Amino acid sequence: MVDAFHSCSALKDQFGRTASYLRLSVTDRCDLRCTYCMAENMTFLPRKDVLSLEELYRLSTVFIAHGIRKIRLTGGEPLVRKNVLSLFENLSRHVDSGELDELTLTTNGSLLSRYARDLAACGVKRVNVSLDTLDADRYRTITRWGRIDRVFAGLEAAQEAGLRVKLNAVAQKGPFEEELNDLIRFAHERNMDLTLIEEMPLGGAASCRSLSFLSLGELRQRLEERWTLEPLSETTGGPAKYVRLRETGGKLGFITPMSCDFCSDCNRIRLSCTGQLYTCMGQEGGLDLRDALRQSDGNETVAQLIRAKVFEKPRGHEFHIGESDVSGITRSMSTLGG
Ligand code: SAM
Ligand code: SF4
């Protein structure tokens, strides 16, 4: 008898969801050390463990052949990977051919002014830039040494190159709450959407999450006192829920992995830069594709492993933050990207 996961080439899981969106981490390295993401003295992976850009591309083609329609490059910081543009160039051919609907990236923006035009030339249409504050000192505190002027220059360059920009901000208790209305105005005045992300309990960071964790449910109630939030029905098959602010006309997204269940229509899978395939961000345990990839010239073994792993995608994540306890995942956010 043929197993259900062998019976078609689309990546279907046991609960009937189809994976069509790949988040591809191209490096675990980063030029910043955001407190909620990494420890200051991070130990990065030995280079031999990290897939080459050619290997990342080869794996991507297997995913594309199985119906992946959208690829987002992430990290670590994707733009610190040497020659990363060559991967964008290779993948852009699949945008040109219509196999991919979208090729995009999430970046901290520090190198965006250098790369924006080339990214646009590779068919990238949109970029997510992470920015939690507009204040230079606070930016330096959060990122440990980042320079906010470089992000502002990156945002400008991206828009000049014709890229649509969305800002991502991790919500935390404290100054973030006071600054949020300014961040909303900043984004919407510049025709950028803004998405707020609930802090996730992944490993590697120094911050004490049960102190900093801010529920977006609570925050949304407070925003409703200041703004008129008009719910939008669009979904990306991911955790974000969007509203339009009547006063600005701009979009505001809420990513709430901690306080609501977005898993039932999740269409995502994730590949680490070492070739570990994860079908759920909130679960331990990836499947190693690197050895199978390196040990064979053909792709069929890897393809079989991918189909089997996606078939077993769990129903939902296992995050939990309580009043005084945090139970999460030991892997750091920079291993897989957001
Ligand atoms: N370096 C790039 C950047 O910062 O945009 C891409 C990788 S970063 C890991 C992707 C996203 O994850 C960023 O928007 C970042 O703010 C977010 N992030 C990092 N650690 C997080 C955490 N513990 N909880 C929620 N979001 C987190
Ligand atoms: Fe680097 Fe992005 Fe993590 Fe900040 S959130 S440390 S920029 S990978």
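Student: How many residues surround ligand 1, and which are the closest?

Tutor: This is a predicted model. In it, 20 residues surround ligand 1. The closest are Tyr36, Gly76, Glu77, Ser130 and Met200.

Student: Which polar backbone atoms lie 3.0 Å from a nitrogen atom of ligand 1?

Tutor: A polar contact is a pair of N or O atoms within 3.5 Å. Here, a polar backbone atom of Tyr36 is 3.0 Å from a ligand 1 nitrogen. A polar backbone atom of Gly76 is likewise 3.0 Å from a nitrogen of ligand 1.

Student: What about the side chain of Ser130?

Tutor: An N or O atom in that Ser130 side chain sits 2.5 Å from an oxygen atom of ligand 1.

Student: How much of the accessible area of ligand 1 does the protein cover?

Tutor: On its own, ligand 1 has 540 Å² of accessible area. The protein covers 96% of that.

Student: Which elements give two or more residues to the shell?

Tutor: Strand E5 (102–107), strand E7 (164–171) and strand E8 (193–198) do. By residue class, the shell has 6 nonpolar, 10 polar and 4 charged members.

Student: Now Val302. Is that residue buried or exposed?

Tutor: Buried means under 20% relative accessible area. Val302 has 0% relative accessibility, so it counts as buried. Val302 belongs to helix H10 (residues 300–311).

Student: Which residues is Val302 in contact with, leaving aside neighbours within four places in sequence?

Tutor: Contact means heavy atoms within 4.5 Å. For Val302, with those neighbours set aside, the partners are Leu59, Leu289, Ala292 and Leu293. Take Leu289: Val302 is 13 residues from Leu289 in sequence, and their C-alpha atoms are 6.4 Å apart in space.

Definitions and conventions
Residues are numbered from 1 along each chain as its sequence is written. Chains are lettered from A and ligands numbered from 1 in the order in which they are written. This is a predicted model: local features need pLDDT of at least 70, side-chain atom pairs count only at pLDDT 80 or more; totals for chains, interfaces and linings use all residues. Side-chain values use heavy atoms; hydrogens and water are left out. A residue is near a molecule or strand if one of its heavy atoms lies within 4 Å of it. A polar contact is a pair of N or O atoms within 3.5 Å; within protein, one must be able to donate a hydrogen and the other to accept it, and residues adjacent in sequence count only if both atoms are side-chain atoms. Accessible areas come from the Shrake-Rupley method with a 1.4 Å probe; for residues, only the protein chains shown count as cover. Helices (H or I, at least four residues) and strands (E, at least two) are DSSP runs, numbered from the N terminus. Ala, Val, Leu, Ile, Met, Phe, Trp, Tyr, Cys and Pro count as nonpolar, Asp, Glu, Lys and Arg as charged, and the others, Gly among them, as polar. Buried means under 20% relative accessible area, exposed over 50%, partly exposed in between (1.4 Å probe, protein chains only).
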